[in-house]
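Here's a quick briefing on the charged pairs in this one. Have the structure open while you read.

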Amino acid sequence: MSQEKLEQAKRNWEEQRAYYERELSIVSSSSQKFELKKRIEECEQEIESLEKKINSSGFGK
């Protein structure tokens with residue numbers, strides 16, 4: 001995957017995380033909160049993974 005595509009994928013995951021965080025602030029159901037927290041965690045893991053790939057491949061730019 002190219003550097004540009006990695007960075008776009010990271011932005012997409014960051015936007016997804018922001019959406020889930022906004023939803024988390026307005027839902028009242030415990031089960032919905034639990035699900036949103038799981039999704040936020042998944043986003044953070046994906047972002048971290050993409051950052052590692054970007055940093056390891058970013059020097060040839």
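Glu35 and Lys38 pair up in a salt bridge, with their closest N and O atoms 3.7 Å apart. Keep in mind that this is a predicted model. The salt-bridge count comes to five, and the ones below are grouped by where they sit.

**Around Glu35 in helix α2**
- Glu35 and Lys38 are three residues apart in helix α2, so about one helical turn separates them.
- Glu35 also takes part in a salt bridge with Arg39, where the closest N and O atoms are 3.2 Å apart.
- Arg39 and Glu35 are four residues apart in helix α2, again about one turn.

- Within it, Lys10 bridges to Glu14, and the closest N and O atoms are 3.7 Å apart.
- Lys10 and Glu14 sit four residues apart in helix α1 (residues 3–26), so they are separated by about one helical turn.
- Glu14 counts as partly exposed, with 27% relative accessibility.

**Glu48 and Lys10**
- Glu48 belongs to helix α2, which covers residues 30–57.
- Glu48 is partly exposed, its relative accessible area being 46%.
- Along the chain, Glu48 and Lys10 are 38 residues apart, while their C-alpha atoms are separated by 8.7 Å.

Conventions:
Residues are numbered from 1 along each chain as its sequence is written. This is a predicted model: local features need pLDDT of at least 70, side-chain atom pairs count only at pLDDT 80 or more; totals for chains, interfaces and linings use all residues. Side-chain values use heavy atoms; hydrogens and water are left out. Helices (H or I, at least four residues) and strands (E, at least two) are DSSP runs, numbered from the N terminus. Buried means under 20% relative accessible area, exposed over 50%, partly exposed in between (1.4 Å probe, protein chains only). A salt bridge is a side-chain nitrogen of Lys or Arg within 4 Å of a carboxyl oxygen of Asp or Glu.
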